[in-house]
Amino acid sequence: MFRYLLRRLPAALVVLLAASLAIFFLLRLSSGDPAATLAGPDASDETVAAIRGSLGLDEPLFTQYLIWLRGVVTGDLGTSYILHAPIAQLIGESLGNTVLLAAGALLLAVLGGGVLGYLMGTVRNRTVQNVLGALTSLGVAVPTYVTGVLLILVFAVTYRVLPSGGVGPGLSDFEIGVQYLLMPAVALSLPTGATLARFLAASLRHTLDQDFVQTGIAKGLRRRRLMTAHVVPNALPPVTTVLGIQIGQLLGGAIIVETIFAWPGIGQLLLQAVTGRDYLLTQDLLLIAVAVFIVVQIVTDVIDAAIDPRIRLERA
């Protein structure tokens with residue numbers, strides 16, 4: 001397994017380098033000038049030019065890219081143009097809230113999607129299948145911003161049982177912190193959980209049609225042992241691969257959910273950076289998102305290999 005990780009490392013570095021190039025140069029194609037934004041609408045050309053010089057924006061583009069890349073490698077992420085604070089500090093303050101939200105949403109998605117997927121894949125009752133299929137289709141089809149607004153209208157405005165936004169005390173006061181976390185985590189988890197349920201159901205149906213399942217039944221294996229020891233482990237590898245992809249989409253959906261629920265995380269910070277034309281902060285946040293996605297994919301591959309011996313044999 002360690003050799004597999006070492007083989008993946010060069011490819012991961014190449015992807016990060018390519019992503020950094022795309023992020024840096026594509027941002028420069030967008031309209032707007034950070035210096036003009038900072039100077040204000042009534043600033044003179046001399047003032048704008050002076051600000052551009054102080055920010056290093058008057059250097060050639062490739063020189064700016066190399067300076068930024070050197071800062072990323074050395075850990076010097078620079079200072080935000082708009083928020084006037086060290087970027088490392090801003091990311092550190094926001095990252096914990098996003099991790100908390102993503103972890104809560106992922107837990108709900110895995111638990112809910114796992115239960116629904118197992119029922120959809122094993123229960124033969126047509127009515128149950130139709131109801132569960134409709135629920136998962138609804139979870140995939142309804143956008144997170146619609147779900148978030150509906151949750152606020154029902155549970156924060158109509159019945160007033162949950163706070164409408166904010167992060168609260170976090171996990172320092174678990175009972176109150178969970179109340180702030182519950183609605184944004186549910187809104188963020190629904191598309192991921194519904195997708196996992198559909199893939200798990202399809203994988204279970206495919207596995208149940210395999211010959212080794214019929215052999216186990218013929219040998220008199222109990223259904224519980226057959227499912228837990230043979231069917232579910234063989235059905236999980238494609239689902240874990242989908243889960244790795246869904247984690248990336250979950251992090252992307254966090255931007256919308258954090259905005260709706262006023263959750264001060266990385267999504268809120270990225271929105272401020274983009275709207276303020278803060279190139280440096282936007283670049284750092286996007287590159288971190290790419291790095292997280294790469295790490296998730298590698299971890300997913302390792303989990304697949306641990307679950308399915310066939311994958312380990314192919315790699316050997």
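I looked up His84 and found it in the loop between helix H4 (61-74) and helix H5 (87-122); helices here are DSSP runs of H or I of at least four residues, and they are numbered from the N terminus. The model is predicted, so I noted that local features need pLDDT of at least 70, side-chain atom pairs count only at pLDDT 80 or more, and totals for chains, interfaces and linings use all residues. Residues are numbered from 1 along each chain as its sequence is written, and side-chain values use heavy atoms, with hydrogens and water left out.

His84 is not a glycine, yet its phi is positive, about 55°. Most residues other than glycine have a negative phi. I checked its surface: His84 is exposed, at 61% relative accessible area (exposed is over 50%, buried under 20%, partly exposed in between, with a 1.4 Å probe and protein chains only).

Next I went to Ala262, in the loop between H10 and helix H11 (266-275). Ala262 is not a glycine either, and has a positive phi of about 50°. Ala262 is partly exposed, at 42%.

Then I took helix H7, residues 144-158. Its 15 residues should span 21 Å at 1.5 Å a residue, and the end C-alpha atoms are 20 Å apart, which agrees; the expected span is 1.5 Å times one less than the number of residues.

Which residues of H7 are buried? I listed Thr144, Thr147, Gly148, Leu151, Ile152 and Ala156. Helix H8 (174-208) and helix H10 (223-260) are among what covers them, where contact means heavy atoms within 4.5 Å.

After H7 comes Arg160, with a positive phi near 55°.

Definitions and conventions:
Helix = DSSP H or I, 4+ residues; strand = E, 2+ residues; numbered from the N terminus.
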